[in-house]
Amino acid sequence: MPYDLFISYSRRDNEQGRITQLVERIKQDFANFEGNKGRELVPFFDQQEIHGMSDWRQRILQGLRESRLLLACLSPAYLQSEYCEWEFVEY
């Protein structure tokens with residue numbers, strides 16, 4: 001499945017749901033921009049795309065490869081995260 005946007009973020013930055021809120025806002029703004037065309041934004045957001053004990057690293061790699069854009073939610077925690085660095089480099 002192709003994705004419009006890959007959301008790369010530090011989990012520490014989503015402890016209060018800020019990244020989740022950002023993703024919902026982006027989807028809402030895209031829907032408003034698209035108007036009556038009916039096309040929805042399809043983001044890869046691990047909170048929605050990775051379930052249970054699936055091979056998370058493989059799912060993320062697949063999401064990166066199938067995404068048109070990468071949204072890196074930069075923060076001090078993001079810059080310190082080896083997982084975030086891996087996503088950025090892989091993209």
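The legends below describe close-up views of a predicted model.

View 1. Three strands, written here as 3 strands in the order β2-β1-β3, form an open sheet in which the pairing is parallel. The edges are taken by β2 (43–44) and β3 (67–72), each of which has a single partner strand, so one side of each is left without a neighbour in the sheet. Between β1 and β2 the parallel pairing runs over 2 bridges, while β1 and β3 pair, also in the parallel sense, over 5 bridges. Helix α3 packs on the sheet and touches β1, β2 and β3, and its direction makes about 130° with that of β1.

View 2. Phe 6 has a bridge partner in β2, namely Phe 44, and a bridge partner in β3, namely Leu 70. Leu 5, for its part, stands opposite Pro 43 in β2.

**View 3. The stacked rings of Phe 6 and Phe 44.** The structure holds 4 aromatic pairs. In the pair formed by Phe 6 and Phe 44, the ring centres are 4.9 Å apart and the planes are at 5°, so the pair is stacked. This pair links distant parts of the chain, with Phe 6 in strand β1 and Phe 44 in strand β2, 38 residues apart. Both Phe 6 and Phe 44 are buried. Ring pairs also bring in Tyr 3, which is linked with Phe 6 and Phe 44 into a cluster.

**View 4. The tilted rings of Tyr 9 and Phe 45.** Are the rings of Tyr 9 and Phe 45 stacked or tilted? Their centres lie 5.4 Å apart and their planes are at 45°; planes under 30 degrees apart would count as stacked and those over 60 as edge-to-face, so the pair of Tyr 9 and Phe 45 is tilted. Tyr 9 lies in the loop between β1 and α1 (18–34), and Phe 45 in the loop between β2 and α2 (46–49), so the pair ties together parts that are 36 residues apart in sequence. Tyr 9 counts as buried because its relative accessibility is 7%, and Phe 45 is likewise buried, with a relative accessible area of 0%.

**View 5. Ser 67 and its surroundings.** Ser 67 has its place in strand β3 and is buried, with a relative accessible area of 9%. A polar atom of the side chain of Ser 67 lies 2.5 Å from the backbone oxygen of Gly 63. When residues up to four places away in sequence are not counted, Ser 67 touches Tyr 3, Leu 5, Phe 6, Phe 44 and Tyr 91.

View 6. The side chains of Ser 75 and Asp 13 are joined by a polar contact of 2.4 Å. Gly 17 has its place in the loop between β1 and α1, and this glycine is also buried, with a relative accessible area of 17%, since buried means under 20%. From C-alpha to C-alpha, Gly 17 and Arg 57 are 22 Å apart in space, and they are 40 residues apart in sequence.

View 7. Which residues of helix α5 (residues 82–90) are buried? They are Cys 84, Trp 86 and Glu 87, and these residues cover an arc of only 160° around the axis, which puts them on the same side of α5. The cover over the buried residues of α5 includes β1 (3–8), α3 (56–65) and α4 (76–80). On the face of α5 turned away from its buried side are the exposed residues Glu 82, Glu 85 and Val 89. At the start of α5, a side-chain oxygen of Ser 81 reaches to within 3.3 Å of the backbone nitrogen of Tyr 83.

How values were computed
Residues are numbered from 1 along each chain as its sequence is written. This is a predicted model: local features need pLDDT of at least 70, side-chain atom pairs count only at pLDDT 80 or more; totals for chains, interfaces and linings use all residues. Side-chain values use heavy atoms; hydrogens and water are left out. Buried means under 20% relative accessible area, exposed over 50%, partly exposed in between (1.4 Å probe, protein chains only). Helices (H or I, at least four residues) and strands (E, at least two) are DSSP runs, numbered from the N terminus. The arc is that of the directions from the helix axis to the C-beta atoms. Contact means heavy atoms within 4.5 Å. A polar contact is a pair of N or O atoms within 3.5 Å; within protein, one must be able to donate a hydrogen and the other to accept it, and residues adjacent in sequence count only if both atoms are side-chain atoms. Two strands pair if DSSP finds at least two bridges between them. Axes are lines fitted to C-alpha atoms, for helices over the stretch in contact, and angles run from 0 to 180 degrees between N-to-C directions. Rings of Phe, Tyr and Trp (its six-membered ring) pair if their centres lie within 6.5 Å; planes under 30 degrees apart count as stacked, over 60 as edge-to-face and the rest as tilted.
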